[in-house]
Amino acid sequence: MFNLILFGPPGSGKGTQSEKLIAKYDFKHLSTGDLLRSEIAHETPLGLEAQNFMDKGQLVPDEVVIGMISSALDANPDAKGFLFDGFPRTAAQAEALNKLLELKDHGISIMLALEVSEEELVRRLLKRGETSGRTDDTNEKVIRARIAEYHRKTAAVADYYRQFDKVEMVKGEGTIDGIFNALCSAIDKRL
Ligand code: B4P
């Protein structure tokens with residue numbers, strides 16, 4: 001089983017590149033952002049709780065996202081590998097993921113970390129906000145809060161995987177296809 005984490009700040013292209021990677025490698029895509037937005041769209045109690053955090057640019061509580069990932073892993077017993085997109089985002093989520101994968105005798109094969117400057121992130125997310133209908137993309141203050149939350153709680157998650165030599169940094173600025181090719185080369189070296 002090949003399990004990949006696509007990592008990076010908000011707007012770094014995780015969702016964009018995930019779509020291309022799952023088409024090429026047949027990973028099962030698990031995006032906590034997409035799972036949360038689906039709960040919001042269905043107006044479930046979990047979705048209503050999550051929306052409060054997302055609208056402020058804050059991370060949703062760990063127990064909520066860990067529960068979602070645990071159910072998604074159980075629901076896909078035959079997957080050849082998972083692409084985790086936007087998860088783990090805290091040290092507690094990284095530890096929980098480790099335990100969940102250990103139960104299946106597996107681990108993380110590689111973390112691909114996209115690097116993008118803050119001004120480019122803000123520019124991309126504001127642009128997406130013009131058409132996406134995502135409330136967390138329309139307000140620059142909320143976008144900057146998401147980036148600050150990334151530096152406060154998420155960036156250090158890469159250090160956790162670095163100690164096991166699992167991290168490959170990839171420049172996340174340039175053409176979408178150029179970035180995709182760089183991600184594929186890093187994967188192919190470890191497949
Ligand atoms: P996510 O849904 O994970 O999304 P994101 O970080 O905003 O964006 P992503 O990096 O996927 O960017 P994309 O490819 O779309 O998170 C949203 C919220 O959900 C979080 O703030 C948090 O509240 C909550 N959440 C999710 N997971 C959580 C967790 N594990 N724990 C707690 N809370 C959690 O790209 C952005 C834009 O850039 C797009 O418009 C795209 O077209 C454009 N773009 C992409 N690549 C480009 C390129 N090379 N050049 C130019 N533009 C590009």
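Biologist: Which residue places a backbone N or O atom 3.0 Å from a nitrogen atom of the ligand?

Modeller: The model is a predicted one, and the distances discussed here are computed from it. A polar contact requires a pair of N or O atoms within 3.5 Å. A ligand nitrogen lies 3.0 Å from a backbone N or O atom, and the residue that supplies this backbone atom is Gly86.

Biologist: What percentage of the ligand's own accessible area does the protein cover?

Modeller: On its own, the ligand has 1000 Å² of accessible area. The part of this area that the protein covers is 88%.

Biologist: Which pocket corresponds to the space taken by the ligand, and what is its volume?

Modeller: The ligand takes up the space of the largest pocket. For the largest pocket, the volume is about 1100 Å³.

Biologist: Which element gives the largest share of the shell around the ligand?

Modeller: The shell comprises 29 residues, with Thr16, Thr32, Gln58, Arg128 and Arg146 coming nearest. By class, 10 are nonpolar, 11 polar and eight charged. Two or more shell residues come from each of α1 (14–25), α2 (32–41), α6 (118–132) and α9 (176–190). The largest share is four residues, and the element that gives it is α2.

Biologist: Which element gives the most residues to the lining of the largest pocket?

Modeller: The lining of the largest pocket has 45 residues, and those nearest its centre are Pro10, Gly11, Arg128, Arg134 and Arg146. Elements that contribute two or more lining residues are α1, β2 (28–31), α2, α6, α7 (140–154) and α9. With six residues, the element that gives the most is α6.

Biologist: How many nonpolar residues line the second largest pocket?

Modeller: The second largest pocket has a volume of about 190 Å³. Its lining has 16 residues, with Pro9, Leu114, Glu115, Tyr150 and His151 nearest the centre. At least two lining residues come from each of β4 (110–115), α6, α7 and α8 (157–162). Two lining residues are polar and three are charged, while the number of nonpolar residues is 11.

Biologist: What is the volume of the largest cavity?

Modeller: The structure holds one cavity of 30 Å³ or more. Among the residues that line the largest cavity are Gly86, Phe87, Pro88 and Arg89. By class, its lining has four nonpolar, three polar and two charged residues. The volume of the largest cavity is about 50 Å³.

Biologist: Is the peptide bond from Phe87 to Pro88 cis or trans?

Modeller: Most peptide bonds are trans. Pro88 is found in the loop between β3 (82–85) and α5 (91–103). The bond from Phe87 to Pro88 has omega near 0°, and its form is cis.

Biologist: Which residue has a positive phi of about 50° although it is not a glycine?

Modeller: Most residues other than glycine have a negative phi. The residue in question lies in the loop between α2 and α3 (45–55). With a positive phi of about 50°, this residue is Glu43.

Note on methods
Residues numbered from 1 in each chain as written. Predicted model: local features only at pLDDT ≥ 70, side-chain atom pairs only at ≥ 80, totals over all residues. Heavy atoms only, no water. Near = heavy atom within 4 Å. Polar contact = N/O pair within 3.5 Å; in protein donor to acceptor, adjacent residues only side chain to side chain. Areas by Shrake-Rupley, 256 points an atom, 1.4 Å probe, with all protein chains shown as cover. 1 Å grid on protein atoms, 1.4 Å probe; cavity = no way out; pocket = protein on both sides within 12 Å on 5 of 7 lines; lining within 4 Å. Sits in = over half its atoms within 2 Å of the grid points. Nonpolar A, V, L, I, M, F, W, Y, C, P; charged D, E, K, R; others polar. Points joined across faces, edges and corners; volume = space filled by probe spheres on them.
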